[in-house]
Each structure stands twice: as C-alpha cells, then as structure tokens.
Amino acid sequence: MVASTKSPSPARGALAAPQRQPDSLAEIRKDARRERLLDMQVRLRPYRAGCFAILVIALVSVSSEIGWWWLAPLAAGFLGMMLADRFMQSSTHPGVWAAAGWGMLSLLLADAVVITGGGESPVLMWFALPAVTLGARFSPRGIAIGTAYIIGLLLLSTYGLDSATAAEHHLSVIAAVALILSAVILSGALVESDRAHRRRSTLDPLTGLFNRNALEQRLSELDGQPSSREEGLAHSLLLCDLDHFKRVNDQLGHAAGDAVLQDVAYTMRATLRAGDSIYRVGGEEILVILPGAGEEAAVEIAERLREAVRQRRPVGVAVTVSIGVAVSEADLVNTDDLLTRADVALYSAKANGRDNVVVSN
C-alpha cells in the first residue's frame, strides 16, 4: 500500500491491508447482480411453467405414436429446475444454480430427443426453449457458452445417436440449429433493449452526478479493455468518502447535509479533467473513473480533489474527504478487482486519520 497524507508531498510507506468493510462498493455491486438474477428468475417462473404445460399437452397428444418414455426426462427436468430455484434463494452464488437448472433442462431435452427418434424426433425444435432464456439470465460470455452447449447437445442427440437417420432428416436438424441461433439473437436484442431503457435514469437528483445505473454501464465498458502502465493504457478509480458526514446530518439537519453534498459534488466535478467521470454511489460516497491515468496522475488528481474539498466551507461547515486509489494491473482491466482494491485503500485512508489519499497496489 502507498499512502499520501495531508502533507504537500505524498508520504509513502508499507501499510498492512485492513479488513474490507462488509458494505463495500464491490460487495454492493455483487449484491445488485445477485438481486437482478433472482428477480429475473421470479419473473420467468410462471412463463416457464406455462411452456412446460404446453410441452406436456403436445407430447400427450402424440404419445400413441411415440410412446410414454418422454415422461421420465421431462419430469426430472422440471424437478431439477424447482430444486435449483429453491437453492438459488439462499445461495451466495445463485448464478451457479441458475446455470445448473438451465443445463439440466437442456440435457433432458436431449434425452427426450434420443428417446423419440433422434434426427426424426418431433421434439427437436424444443431446443429453442432454453435458448430463449439465455439472454435474460446470463452475460454475453454465458450466452455464447450456452448456445454452444445447446447446439452440441442437439448434434449429439441426432448425428451422435444415428448419423444415417440424422442425415436423412438433415433439413430438420438444420432448421432446429437455425431456430436456436435466431432465438438467442432475438431474445438477446430484446433483453438489451430493456436494459437500455432502465439505464435512462442515470443522474442522481440531489447532486447531479451520475448514479449507480450509469456506473454499472461504464464499468461494463471498461471490463476487459487493454491495460498497460508502461504504454499509458492504465485506468484508475478514486473512491471518495466525506469524513464525519453523519455529524453534519445529526447536528445541523439533513437540509444542511444535502447542501454540503451538492457543494462537494460541484467542487469535485469542476476539478476533474475533461473525460473523467464522477458518480454518487452511496450517501456520501463518490467514485471517480480516470481513463488513461496511471498511479502518478491518479494520486495527483486525488490530492487536487482532496485539497479543493478541504478549502470549501459549504453552509459554514469544514469538510474533508478520504480517498482510496486503485490502478488497473497489466493485460486487461478487471473492474471487480479495481473496486475491491479501492475499497481497501479507502478503509486505510479512514484508519490513518482521514483527509488523506491511499493507493492500493
């Protein structure tokens, strides 16, 4: 760790990494992702049950021709999804259970295809059903993996089972693959449109700074970008927290606290460079993203922000700010790692007396 204190030149020294705060920004972001996934599961549940009912009705109507073996895999798939839903609610990693339930359904659909004739199976097109839900549940990487998984199961349950029969009904197999890809593309576009509409509200009404919706979008853009301190491609985060802000609210009231926040937001925004972005992410917590800034530039900007805030006295109140700095490592930007390190650095800045800057390395 490298600390820069109130002195004109940054003081540097080794600091033991403190325990991260339980309500850190990294944890808040993780919780938000979990809540979105759980919310989507709840929304999908009644529609998924309706789809299952349609499948059952369709299969019952042709069971005199194909038999009743399909009941076992379909029932197992339904039971597996119910168990996955149950464990998701209490799990700290609900995405794992969502992927497991989704993957089991696809696997059992493949089993149903095998039982009902492989390449000539009447249920071949049903592989499009799990494909439709990919965009609503998973990231772009998860969508790509899921699509490959479905198509792999389709080919395995047709050409892998009986290549001669599959070749004879190759038009149906090709149509099923095309339907899967089309379902993934169209459902992904609809989900992205919905997310874009939700992001429209990107400003914090009190301070005029960007809010968490805007921050999530910006962090997603930064994730995976090239990073090299030597080549000037580093990116930095400044996690800022007003010192003893609760005292202002307790002693002077929330109106005074709001006035302080508005003044600090204006001061910080006016101090930043063109191209830097600033977000209100908590009550008195502000995050600054510095694209292209290495450690030296990030510390210089952080000190400038700290000093600018210190010189202000909104509503007659002396205000100081503690700042944690994190700079992207080599290769690719990992925003989760940046947020975690900025949280640790901010906690150290608070522990070291506040009104200072600490850099996490």
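In the predicted model, the buried residues of helix H7 (residues 140–158) are Ile143, Gly146, Thr147, Ile150, Ile151, Leu153, Leu154, Ser157 and Thr158, where buried denotes under 20% relative accessible area, exposed over 50%, and partly exposed in between (1.4 Å probe, protein chains only). Because these residues cover an arc of only 155° around the axis, they lie on the same side of H7; the arc is that of the directions from the helix axis to the C-beta atoms. The face turned away from this buried side carries the exposed residues Arg141, Ile145, Ala148 and Leu156. Helices (H or I, at least four residues) and strands (E, at least two) are DSSP runs, numbered from the N terminus.

Strand S5 (residues 285–290) is mostly covered, with 6 of its 6 residues buried. In a regular strand, side chains alternate between the two faces of the sheet. In S5, Glu285, Leu287 and Ile289 point one way, whereas Ile286, Val288 and Leu290 point the other way.

Two strands are taken to pair if DSSP finds at least two bridges between them. Strand S3 (residues 236–242) pairs with S5 in the antiparallel sense over 6 bridges, and Leu238 stands opposite Val288 in S5. Strand S4 (residues 277–280) also runs antiparallel to S5, to which 4 bridges join S4; Arg280 has Ile286 as its bridge partner in S5. A hairpin of 4 residues joins S4 to S5.

Residues are numbered from 1 along each chain as its sequence is written, and side-chain values use heavy atoms, with hydrogens and water left out. Local features need pLDDT of at least 70 and side-chain atom pairs count only at pLDDT 80 or more, whereas totals for chains, interfaces and linings use all residues.
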